[in-house]
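Dear colleague,

I am passing on the structure below for you to look through when you have time.

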Amino acid sequence: MGEILDVTQRPNFPELLWTHVVLCVVSLLIAIAIAIPLALAVRDTPLGATIAINIGNVGRAVPSIAILALALPFLGYGFAPSLLALTLLAIPPILINASTGLREVSREVMDAARGMGLSETQIFSRIQLPIAMPVIFAGIRTSAVQVVASATLATFIGGGALGELIVEGLQRDDTAVLLAGSFTIALLAIAAELIFGGLERAFTPKGLHLARKKK
Amino acid sequence: MGRMHLLQTYGPLIEWDWISENFVEDILPALQGHIFLSAASVAIALAISLPLGIFAARYPTAYAPVTFVTGLLYTIPSLAMFGILITVPGIGIGPRAVIVALVAYSLLVLIRNVVAGLDAVPPETVDAARGMGLTSRQILFSVELPLALPVIVAGIRIATVTIIGIATIGAYIAGGGLGKMIFDGINRGFPTMIITGAVLATALAIVADVSLLAVERRLRPWARTRRA
């Protein structure tokens with residue numbers, strides 16, 4: 001146990017941790033900036049939404065290591081190719097959830113709002129978006145956890161990050177380094193799950209909480 | 001300059017000659033290995049999840065702790081999971097560690113769907129079966145489980161697609177399968193291998209998804225008639 005903790009005291013540990021976090025945060029933000037506007041753009045066209053969801057589904061079937069490895073012949077080794085690959089990985093879950101979340105707001109609810117005299121913009125910002133919020137955030141949470149996991153693989157294309165400790169541990173047959181890397185990455189993923197799970201709850205409108213309790 | 005330069009160092013993206021030359025000796029065995037890894041893992045995971053799920057459906061207090069533990073396992077990134085597992089005595093580097101990890105990843109989805117499927121069985125149906133004199137065991141096996149089957153298969157479908165993707169990373173700890181082609185391709189700077197492995201793994205996931213979806217629909221005849 002002590003040996004494992006010693007690894008975290010090595011001078012390059014903070015740097016690897018920092019690279020990992022930066023890779024995740026930046027790729028997630030770019031993915032959100034691409035996927036959410038896309039989902040909003042296709043929200044009123046069923047065909048567009050279906051296409052978006054299907055592209056998302058196929059994108060999810062591509063193994064993460066494949067997306068990282070495929071960045072190699074086009075962009076080479078390093079941080080930037082890793083960032084791009086992680087961004088591509090983070091888009092599908094957000095796109096799928098945002099599209100389905102916005103589409104599945106019940107017609108009756110929207111009609112009721114229309115009957116109460118709300119304008120289309122008001123219906124969107126006060127009804128459709130708040131109701132879809134938890135689903136959208138669930139997508140972001142899925143992506144966040146996935147990106148933390150896949151950033152581990154960035155080491156194979158020279159992106160740095162905490163995966164380097166696992167590779168080093170395996171190559172040198174150094175269990176302490178291997179476990180230090182593995183446990184730090186596992187904790188980071190659990191932290192992402194908890195943080196985004198909390199955000200998901202925070203962004204769920206009060207009314208939905210009440211409706212769920214009644215069920 | 002960057003892009004052209006890289007493509008020159010890596011050669012053409014796909015060398016079809018390599019694929020035809022190595023199809024029988026390398027590519028097919030990798031595909032078979034991948035199917036074996038995934039199928040064995042889902043089968044083992046199902047053997048664990050069915051009894052656990054039935055138990056959690058019967059005793060709802062058990063549901064929260066079971067999903068907490070399996071949810072925790074599900075969150076752990078695969079390379080980290082492999083890194084931890086290979087240090088466990090009796091597991092070590094190789095396919096065994098990969099299968100243990102893949103089983104661990106399947107549990108959450110499978111148990112959740114077994115419980116959801118059983119919970120969705122109408123209580124009236126169970127009462128009717130009891131009224132007809134069926135024992136609890138008969139009710140479980142000939143009424144509840146058959147009715148829950150489509151939801152259970154839906155879980156198997158999600159677990160299988162997830163596992164096929166994660167299994168590729170298992171090649172790093174000598175688990176074999178299509179991931180080996182991807183890693184070898186990275187090491188040799190040979191895009192053909194990366195692309196072949198990636199395309200086959202993706203195709204395998206999509207084929208599994210579509211065929212299990214067909215099974216799921218076939219098991220739900222009432223849904224089909226309603227749509228028609």
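In this predicted model, 31 residues of chain A are in contact with 33 residues of chain B. On chain A, the elements that each give two or more residues to the side touching chain B are helix H4 (64-75), helix H7 (120-151), helix H8 (163-171) and helix H9 (175-202), and of the residues on that side the largest share, 10 residues, comes from H9(A). By residue type, the side of chain A that touches chain B divides into 22 nonpolar residues, eight polar and one charged.

Turning to the chains themselves, chain A has 10 helices and zero strands, and its C-alpha atoms fill a box of roughly 70 × 40 × 25 Å when taken along the principal axes. Of the 215 residues in chain A, 47% are buried, and among the contacts in chain A with a separation of 6 or more, 74% are accounted for by residues 24 or more positions apart.

Chain B likewise has 10 helices and zero strands, which follow one another along the sequence as α-α-α-α-α-α-α-α-α-α. Its radius of gyration is 22 Å, whereas the globule rule gives 17 Å for 228 residues, so chain B is more spread out than a compact globule. The C-alpha atoms of chain B fill a box of roughly 75 × 50 × 35 Å along the principal axes, and buried residues make up 41% of the 228 residues in this chain. Where contacts in chain B join residues at least 6 apart in sequence, 73% of them are between residues at least 24 apart.

With best wishes

Note on methods: Residues numbered from 1 in each chain as written. Chains lettered and ligands numbered in written order. Predicted model: local features only at pLDDT ≥ 70, side-chain atom pairs only at ≥ 80, totals over all residues. Helix = DSSP H or I, 4+ residues; strand = E, 2+ residues; numbered from the N terminus. Buried ≥ 20, exposed ≤ 12 C-beta atoms within 10 Å, placed from the backbone. Contact = placed C-beta atoms within 7 Å. Nonpolar A, V, L, I, M, F, W, Y, C, P; charged D, E, K, R; others polar. Rg over C-alpha atoms; globule rule 2.2 N^0.38 Å.
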